[in-house]
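Dear colleague,

Please find below the structure that I am handing over to you. My findings follow directly after it.

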Amino acid sequence: RLFYNSSLRKLLAGYNMLGRLPDRLERTQVEVLDVQHNQLLELPSNLLLKADSLRFLNASANKLEMLPPATLSEETHSILQELYLTNNNLTDKCVPLLTGHPHLKILHMAYNRLQSFPASKMAKLEELEEIDISGNKLKAIPTTIMNCRRMHTVIAHSNCIEVFPEVMQLPEIKCVDLSCNELSEITLPENLPPKLQELDLTGNPRLALDHKTLELLNNIRCFKIDQPSAGDASGAPAVWSHGYTEASGVKNKLCVAALSANNFCDNREALYGVFDGDRNVEVPYLLQCTMSDILAEELQKTKNEEEYMINTFIVMQRKLGTAGQKLGGSAVLCHIKHDPMDPGGCFTLTSANVGKCQTILCRNGKPLPLSRCYVMSCEEELKRIKQHKAIITEDGKVNGVTDSTRILGYTFLHPSVVPRPHVQSITLTPQDEFFILGSKGLWDSLSMDEAVEAVRNVPDALAAAKKLCTLAQSYGCNDSISAVVVQLNVTEDSFCCCELNGVPPPSPGIFPQSVNVVIKDRPTDALGMPSSSSGMASEISSEISTSEMSSEVGSTASDEPPQVAMNENSPAYPGEQRCMLHPVCLSNSFQRQLSSATFSSAFSDNGLDSDDEEPIEGVFTNGSRVEVEVDIHCSRAKEKQLLQVPVEASDEGIVISANEDEPSLPRKAEYSATGTIGRRRGNGSVAPQERSHNLIEVATDAPLRKTGGYFAAPAQPDPDDQFIIPPELEEEVKEIMKQHQEQQQQQQQQQRQYPMDHLADYYDTPL
């Protein structure tokens, strides 16, 4: 009955479960009809005949196989201007029916079953301005497209087009996307169209351009073509490959940017990012140019995922400068890295985001969110903002500016709006297929389940990113869009699942999330104490470098055989399943790992501890090189049955501390003492968790340790560097020094009289 209402002008019935619309319609005055994301098999047969006021029709994401006619004769009264039919089952039979809409300006028929577009039908759509026929099986675009003199956008990626179309003859053309086709050559006029701004020819492997053509195309503001790749010299299959795309909004401003580095820092790391400035261009561009360098610097300071990601966003906030005072932008970064101590080990994916840029991971065909949007609906954020007396407008924005409480920029809204990101790390498994980074416009138009389902069966990462962008635009997104799709190929031999008894983690929702997340998110009772023959795999190796382990040999190795040793008959490990990387080690059989750090003879004790007369077990020496025989793979939760030790998984990771000078502990029991677990400080020193009396060990101003395993020598005073006192202040300085000496004498006398009651607040140490 809705269509019988003569006052109805707009009907939005999208995202429902409609199976059909009324079969017969009388004359209706509706102008806008949106029925996308339903289950329609067909539209009413007389819809376009009776709705002669219809200007906008969106029937995307249905199951349409045919379109209703617009006229029963050659004369038509249709004033339809925008038609969106993406993601249906339409065939070539529908194309002739389009000629009944001579005033059509925007036509989206992407991801249907079109195999041809007759030239005679294209010639009649003279007022067409934008056409999107991507994701079909077209082999050519008709030459009669030259009749569409107002055409400014042609998007035809992911087809089988072999011949370059005559789009360069169009006077108003601005954007041409022919990526992911089968082009082998292109023909260009002597002069390019004056308004051409973007030409995308990526994903055409057979395309070869001569030098003259390249020089001509380089004059375009945004010209994209595949770069010749050197390939992997080792011939090994790539663990990841990516594709990305960007699309400007209705105002023709590209307010998004993407970052992609397949070989970040080294060939075992990768970095991807998406940045969205909403309505400004400056902030996304600054983030794209700067953020990778900042992250590389922070990786040199700490290996803890949460620390270096948070620091990267905070430093980026400062570097925005004046641009970030009244402008802001969302950002999401994804960093893939491996354990530097285990080149064949697991890969870890760390995602950090602020604003509404988000990341999802596809695991076993299901989406696993790695990001979080902090908006007013979050209770903790609303409480924090109210504490800072910020104004929350009716549309849910802070001071009427932004609805994101954590975002880069907008420094004039601090402390209500902060740049602290949400950080989540996860170990990649063979069940992980790909992950998607998207801007606000993408996730406003596509749900996470729909995005995963749309690109799961697309073999090429570039074509997958293009499909997401096209779907979002056809579903009504008018903002700038950026999407990055990273396809993963994590094999069984590069994934460690020993902690799960050799069984890879199942899909999300079945197993607790703590299993998939790195050590900082795991419960404390899931950790066992390391012995001298089996220790923590990724936990220790990501925190302690090879040189640092070698420099602490004398304090971590015991002078007696370890009390907890692996034995094939040991009841602690009955028939334990291990992964391919780390098979079960029998008693007295080690996987030998040689330390790469060398020491001079002045620092080496040739394998002898300062208090021992016999060599330390597990330590070998050949003069100036110290080699440590130790297995640091795969801690097991079963060890907690033998050694019940409280362990705190801090944000900075877990570090083994050497506390050899502890007077209350015998040396042979140091390794299983609580004091051996502690935090690593930023300057390289290790602080035990309990309150230790060894103040030298936990001194916060310890000298920095260099990469070679040596300590930086303290600066020696220069004899010529004297403190010169002006003559007019000489008497005053003498008086101050005299008072200082008297105070020290009084303190010494008090300490002699009351040695236990008046302890000094601090101690002066050589460090």
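In this predicted model, the charged end of R406 sits over the ring of Y374, at 4.0 Å from the ring centre.

Aromatic pairs

Searching the whole structure gives three aromatic pairs. One of them is formed by F56 and Y84; this pair is tilted, with 5.5 Å from centre to centre and 45° between the planes. F56 belongs to strand β3 (residues 56-58) and Y84 to strand β4 (residues 82-84), so the pair ties together parts that are 28 residues apart in sequence. Both F56 and Y84 are buried.

Another pair consists of W240 and F347. Their ring centres are 5.5 Å apart and their planes stand at 90°; because planes over 60 degrees apart count as edge-to-face, the pair is edge-to-face. W240 has a relative accessible area of 9% and is buried. F347 is likewise buried, with a relative accessible area of 2%.

K356 is located in the loop between β15 and β16 (358-363). Is this lysine buried or exposed? The relative accessible area of K356 is 19%, and since buried means under 20%, K356 counts as buried. The side chains of K356 and D403 are joined by a polar contact of 2.8 Å. Leaving aside residues up to four places away in sequence, K356 touches D403 and S404, and also S330, C373, V375, G438, S439, K440 and W443.

Surroundings of L259

L259 is part of strand β12 (residues 256-261). With a relative accessible area of 10%, L259 is buried. Q288 is 29 residues from L259 in sequence, while their C-alpha atoms are 5.9 Å apart in space. Q288 is also among the residues that L259 touches, not counting residues up to four places away in sequence; the others are L271, Y272, G273, F275, S292 and L333.

Cysteines

How many disulfides does the model contain? The count comes to zero. For C469, the nearest cysteine sulfur is that of C477, at 8.0 Å, and C469 is in no disulfide; a disulfide would require the sulfur atoms to be within 2.5 Å. C469 is buried, its relative accessible area being 5%. C334 is buried as well, at 0% relative accessibility.

Overall features and confidence

The protein chain has 15 helices and 26 strands. Of its 767 residues, 49% count as buried. Among contacts between residues at least 6 apart in sequence, 59% join residues at least 24 apart.

The pLDDT of the protein chain averages 75, and 66% of the residues score at least 70. Over residues 499-578 the pLDDT stays under 50, and the model has 205 contacts beyond four places in sequence for this stretch. Residues 580-613 also have a pLDDT below 50; this stretch has 77 contacts in the model beyond near neighbours in sequence.

Yours sincerely

How values were computed
Residues are numbered from 1 along each chain as its sequence is written. This is a predicted model: local features need pLDDT of at least 70, side-chain atom pairs count only at pLDDT 80 or more; totals for chains, interfaces and linings use all residues. Side-chain values use heavy atoms; hydrogens and water are left out. Rings of Phe, Tyr and Trp (its six-membered ring) pair if their centres lie within 6.5 Å; planes under 30 degrees apart count as stacked, over 60 as edge-to-face and the rest as tilted. Helices (H or I, at least four residues) and strands (E, at least two) are DSSP runs, numbered from the N terminus. Buried means under 20% relative accessible area, exposed over 50%, partly exposed in between (1.4 Å probe, protein chains only). A charge sits over a ring if NZ of Lys or CZ of Arg is within 6 Å of the ring centre and within 35 degrees of the ring normal. pLDDT is the predictor's confidence in each residue, from 0 to 100. Contact means heavy atoms within 4.5 Å. A polar contact is a pair of N or O atoms within 3.5 Å; within protein, one must be able to donate a hydrogen and the other to accept it, and residues adjacent in sequence count only if both atoms are side-chain atoms.
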